[in-house]
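Dear colleague,

Please find below the structure that I am handing over to you. A summary of the findings follows it.

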Amino acid sequence: MLLGAKHLPSWAWGLADGYATYIHDVLPQRTRGSMSPYEIRSGWKPDLELLFIKTFGAPCQYVPPGGAEHKRGKMVGFLASNGRLFLLVPKWITGTIVKS
């Protein structure tokens with residue numbers, strides 16, 4: 001994933017690995033009877049309305065609560081347990097978690 005996102009810092013490899021694991025977990029697999037690992041583990045199909053699969057490192061913007069000015073950054077992950085994005089904002093050294 002990170003090979004196509006050379007504009008991101010090298011420490012983002014860990015985030016790419018975590019995001020790849022998330023995608024693998026929710027996508028159905030032919031070798032498992034067209035079920036996803038998530039579905040096998042939980043007994044439920046992933047909710048396609050909430051499924052969040054975007055291009056790693058893609059440009060995105062975030063509007064903070066209260067209508068402050070838009071922040072632009074790069075999407076570098078998703079935390080499924082609480083529905084948050086990892087957004088890398090250029091002026092910060094590290095990524096920040098923002099509400100999706």
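**Findings**

Glu-39 touches Ser-34, Trp-44 and Lys-45, leaving aside residues up to four places away in sequence; contact here means heavy atoms within 4.5 Å. The model is predicted, with local features needing pLDDT of at least 70 and side-chain atom pairs counted only at pLDDT 80 or more, while totals for chains, interfaces and linings use all residues. Residues are numbered from 1 along each chain as its sequence is written, and side-chain values use heavy atoms, without hydrogens and water.

Glu-39 belongs to helix α2 (residues 37-42). Glu-39 is buried but has no salt bridge, and Lys-45, the nearest side chain of opposite charge, is 4.7 Å away. Buried means under 20% relative accessible area with a 1.4 Å probe, protein chains only; a salt bridge requires a side-chain nitrogen of Lys or Arg within 4 Å of a carboxyl oxygen of Asp or Glu.

The protein chain has two helices and four strands, in the order α-α-β-β-β-β along the sequence. These are DSSP runs: helices are H or I with at least four residues, strands E with at least two. Of its 100 residues, 31% are buried.

Yours sincerely

Methods
Buried < 20%, exposed > 50% of the residue type's maximum accessible area, 1.4 Å probe, protein only. Lys, Arg positive; Asp, Glu negative; His and termini not counted.
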